[in-house]
Amino acid sequence: MGIFLRDPAERFLSAWLSKCDAWEYGGIDCLGPRVSDLPLDKKVEMFEKMVVELLPKYMARVQALGEYNAHYDPQHIFCGGKRIEEYDFVGKLSGSPAHIQQQVVNMLRRDAGMTDSDPLMDLSRDLFPSKSTAGHGTGSTNLVKQFFRNRTIYEKVVKVFAEDYRWASSVLKAQ
């Protein structure tokens, strides 16, 4: 069994941008109001307000239910809350598309025993292209500094996802 992780703060920002800026699925999963038409500095203000006012309420709901929305939920609760050591493969969704594709290919070769001639290997390369991101993207990697300009906001998000940081510390520090 394999899993790919992201830095929890960046992942949370990406989810929020996807739901509240890109307005994915009509904003049904947005924590706060739609920010699509706002200038960047206003989006950042709305993100900061959401972190202070809505994120604690959301996490209380996760605590009560065990899980709520996979886009925002802590990564350590996925797959039944397995310890990181229980996974056969742990990848990190960061870096260039080529780096991510190489992780997927390595996982399939090593842990699934696939060869380059296997048709599923082509599918993995289509799903994880080496030159661009497949599917939607929020650009969160390039926006982290702007959205976490306020150290207090960043620290609040890190505190909320502290267990994810502890759980995956060896993976998040690597690469």
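The protein contains nine helices and two strands, where helices (H or I, at least four residues) and strands (E, at least two) are DSSP runs numbered from the N terminus. Along the sequence these elements follow the pattern β-α-α-α-β-α-α-α-α-α-α. The model is predicted, with local features requiring pLDDT of at least 70 and side-chain atom pairs counted only at pLDDT 80 or more, whereas totals for chains, interfaces and linings use all residues. Residues are numbered from 1 along each chain as its sequence is written, and side-chain values use heavy atoms, with hydrogens and water left out.

The radius of gyration, taken over C-alpha atoms, was compared with the globule rule of 2.2 Å times the number of residues to the power 0.38. For 175 residues a compact globule would have a value near 16 Å, and the 17 Å of the protein agrees with this. Along the principal axes, the C-alpha atoms fill a box of roughly 50 × 35 × 30 Å. Of the 175 residues, 37% count as buried; buried means under 20% relative accessible area, exposed over 50%, and partly exposed in between (1.4 Å probe, protein chains only). Contacts are defined by heavy atoms within 4.5 Å. Among contacts between residues at least 6 apart in sequence, 65% join residues at least 24 apart.

Helix H1 comprises residues 8-21. At the start of the helix, a side-chain oxygen of Asp 7 reaches to within 3.1 Å of the backbone nitrogen of Ala 9. H1 is followed by Trp 23, which has a positive phi near 60°.

One disulfide is found in a search of the whole structure, the criterion being a pair of cysteine sulfur atoms within 2.5 Å. The disulfide is formed by Cys 20 and Cys 30, with their sulfur atoms 2.0 Å apart. Cys 20 lies in H1 and Cys 30 in the loop between H1 and H2, so the pair ties together parts that are ten residues apart in sequence. The link is right-handed, with 115° about the S-S bond, and both Cys 20 and Cys 30 are buried. Cys 79, by contrast, is partly exposed, at 44% relative accessibility.

A pair of aromatic rings is described by the distance of the centres and the angle of the planes. Rings of Phe, Tyr and Trp (its six-membered ring) pair if their centres lie within 6.5 Å; planes under 30 degrees apart count as stacked, over 60 as edge-to-face and the rest as tilted. The whole structure holds eleven aromatic pairs. In one of them, the ring centres of Phe 12 and Tyr 72 are 5.7 Å apart and the planes lie at 55°, so this pair is tilted. The pair links distant parts of the chain, 60 residues apart: Phe 12 belongs to H1, and Tyr 72 to the loop between helix H3 (55-65) and strand S2 (89-92). Phe 12 is buried at a relative accessible area of 1%, and Tyr 72 is buried at 1%.

Phe 47 and Phe 148 form an edge-to-face pair, at 5.4 Å centre to centre and 85° between the planes. This pair also joins distant parts of the chain, 101 residues apart, with Phe 47 in helix H2 (residues 40-53) and Phe 148 in the loop between helix H6 (140-147) and helix H7 (151-160). Phe 47 is buried at 0% relative accessibility, and Phe 148 is buried at 10%. One aromatic cluster includes Phe 12, Tyr 72, Phe 47 and Phe 148, together with Trp 16, Tyr 58, Tyr 68, Phe 147, Tyr 154 and Phe 161.

Asn 69 is placed in the loop between H3 and S2 and is buried, with a relative accessible area of 10%. Residues up to four places away in sequence aside, Asn 69 touches Asp 29 and Tyr 58.

Just after H4, Gly 113 takes a positive phi of about 70°.

Methods
Polar contact = N/O pair within 3.5 Å; in protein donor to acceptor, adjacent residues only side chain to side chain.
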